[in-house]
Amino acid sequence: MTTAIALGDIPLGQPLPPTPHALCMSLPNWEHVLGCSEGEKTILDAIVTGYPRIFIHRSLQKLIEICEQKIGHDGEKCLIFPSRRSVEHCRDFILRQAALANISAKVRTVQYQIHPGDSSSLGPNVPVAETCACLSEFHLAFFPNEVYAIARTFWKHYGLGISSRRAEHYFSLIETAQPQLPSPEERNCSLTAKEGVRAKLELRKRIASYLVHSVPESGSRINGEVAHRVTEEEVFLFPCGMAAIFNAHQLLLEVRAGQPSKSVVFGFPYTCTLKLVEKFAPGVYFFGHGLDSDIDDLERILAQGSTTNESSPPIVSLFTECPSNPLLRVVNFPRLRALADKYDFLIIIDDTVGSFANVNVLPFADIVITSLSKFVCGRGNVLGGSLVLNPNGRHYATLKDRLTHMYEDTYFDEDAIVMEGNSRDFLGRMHIINDNAESICDFLHPRSIAGGGPSESTVIKQVLYPKYTSPSNYSRCQLPNGGYGGLFSLTFVSLAASKAFYDALPCAKGPSFGYEFTLTCPYTIIVHYDELDWAAEYGVDAGLVRISAGVEKKGVLLGWIEGALKAAEACVGVRSCSLGTC
């Protein structure tokens, strides 16, 4: 296991970590973050990679260009998907959103089948050769340039596109696309497929093993019924966390077909979750604070809805996180579970931030979603997501039946193989990360205004960390040996202090979390730059700095933090400034 990683000096826009399939890019200082958020050309031109749902990987971009050149029409762009169903979702989304924007758009979908060594047959619906043991297939959505932004919104929020490894695999089957890669004859696709099957099964078993605490002991009873522990049969894998959330939402809409009820997003979530539910659900109730008083309001809506329409549940589902990103709050799960049982809606909990190592939310959920790309992976070099059904949930049988029918395995074998290898040291790695994060927060909390620091000289307003933000609610799902997780956020008395702290922190800097190296970003500026006032309404400060602790030596990390804090204290007299320098 790596104990010291020096990634703080990686130049602007270069991959973090410095590998071909990195999920993050370096943003070394505040001006870089602002330039990226504002679309400044010099900044964007320097960015060579980024999170795959946000930035098109260069290997994928080359494949897209080939497809556009060979079979695209004038004025068309395209995106590539691994299955017919995923490309049809893209098509339907583009048409629906274009119609809402009064844009006339036609979208055509094309299926491609590639034979190894056949570089001349890049064309639609190529016949399948009986002797081909390594046939690859992908699907394209072609659409007018005018709706490219809409198409990219789908790509960003729903996670159904192909990965960079899959794109490179297609290159290896098209001789003229990427000649420097191994030839098709050098790839043993059968072996890779078998390894992929084994890796996926091992991942599913491993995830199930993390949830052994969901049932206290064998033969125990829940609501009078014999309780069942999670097995790999309840675990479904997806190409990324957002793909898992999208499929969970589609599952709920199918299970509750014909019931035009809204969903609820409870607590301030990662932005893509809210955007997804808003755009695909019949409607959404958003309770961005996630407080008990919000549960009171939700209960009133439910009571009123059940009175006015007895044939349909007032809501279909409720989405929430444990803890929330970036405010690190935990909601009152027992109260929400009681409401779900009373008013017959389903609860979906994203436990990515808490992780399997620290929390068990399954007793409160019908479905648990996890972005494996974060703490489970730890290396920042592969995407993955999981969906776990609660075998003791009241709707389990219906959900299992429908999901088994709907599910298609689009998780690329090579991605699964990398994920399985990376996740082997997950629990041990998380023990170190938990300890490092808690030590840093224990150092900073008494030096914050919320922690009792003197307001006249303290630059940190609040340390946002489950230990301080919602200890009682967190304790209800915390595992006996679990920590508080590796993620925390800081708010400052001024944007000048935020900037000074960020610029002085010598760790890696970029918009992701959960890696074995410490990583920080000005979260709100990156994610909510176009809606800062709206985010502020829910307590998400414009100057919020989010930090994901790594496995570096604790003394090194505390030294970094102390040095950055001293730099911020130099700005203590500055109480207001623009988003840039003061």
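This is a predicted model: local features need pLDDT of at least 70, side-chain atom pairs count only at pLDDT 80 or more; totals for chains, interfaces and linings use all residues.
Colleague: Fine. Why is C377 called buried?

Modeller: Its relative accessibility is 0%, and the cut-off is under 20%, so C377 counts as buried.

Colleague: And C521, buried or exposed?

Modeller: C521 comes out at 2% relative accessibility. That is also under 20%, so C521 is buried.

Colleague: What makes D344 partly exposed?

Modeller: D344 has 25% relative accessibility.

Colleague: Where is D344 found, and what about its phi?

Modeller: D344 is in the loop between α11 and β12 (346-350). Its phi is positive, about 60 degrees, although D344 is not a glycine. Most residues other than glycine have a negative phi.

Colleague: What are the omega values for the peptide bonds from C322 to P323 and between N325 and P326?

Modeller: From C322 to P323, omega is near -20 degrees, and that bond is cis. N325 and P326 are joined by a cis bond as well, with omega about 20 degrees. P323 sits in the loop between β11 (315-321) and α11 (333-343), and P326 is found in the loop between β11 and α11 too. Most peptide bonds are trans.

Colleague: On to the nonpolar cores. Which residues touch the most other members of the largest one?

Modeller: That core has 84 residues, and F333, F345, L444, F488, F492 and F501 touch the most other members. Helix α14 (residues 426-444) gives the largest share, eight residues. Domain 2 (194-214 + 226-423) and domain 3 (425-572) each contribute at least three. Apart from it there's another core, of 79 residues, with L79, F142, F154 and A508 among them.

Colleague: What does F501 touch?

Modeller: Leaving out residues up to four places away in sequence, F501 touches L490, F492, I547, I561, A564, L565 and A568. In soluble globular proteins, nonpolar side chains tend to be buried together.

Colleague: How many cavities of 30 Å³ or more does the search find?

Modeller: Five. The largest cavity has a volume of about 240 Å³. It is lined by 25 residues, of which P52, G161, I162, S163 and L383 lie nearest its centre.

Colleague: What makes a space a cavity and not a pocket?

Modeller: A 1.4 Å probe fits in a cavity but cannot get out, whereas a pocket is an open set.

Colleague: Which helix supplies the largest share of the lining of the largest pocket?

Modeller: α5, with four residues. The largest pocket has a volume of about 1,100 Å³. Of its 40 lining residues, I54, K156, Y270, I526 and V527 lie nearest its centre. Helices supplying at least two lining residues each include α1 (30-38), α5 (148-158) and α18 (523-527).

Terms used:
Residues are numbered from 1 along each chain as its sequence is written. Side-chain values use heavy atoms; hydrogens and water are left out. Buried means under 20% relative accessible area, exposed over 50%, partly exposed in between (1.4 Å probe, protein chains only). A nonpolar core is a set of buried Ala, Val, Leu, Ile, Met, Phe, Trp, Tyr and Cys residues joined through side-chain atoms within 4.5 Å. Domain bounds come from an automatic or database domain assignment. Contact means heavy atoms within 4.5 Å. On a 1 Å grid over the protein atoms alone, a cavity is a set of points where a 1.4 Å probe fits but cannot get out, and a pocket is an open set with protein on both sides within 12 Å along at least five of seven lines; lining residues have an atom within 4 Å of a point. Grid points are joined across faces, edges and corners, and a volume is the space filled by probe spheres set on the points.
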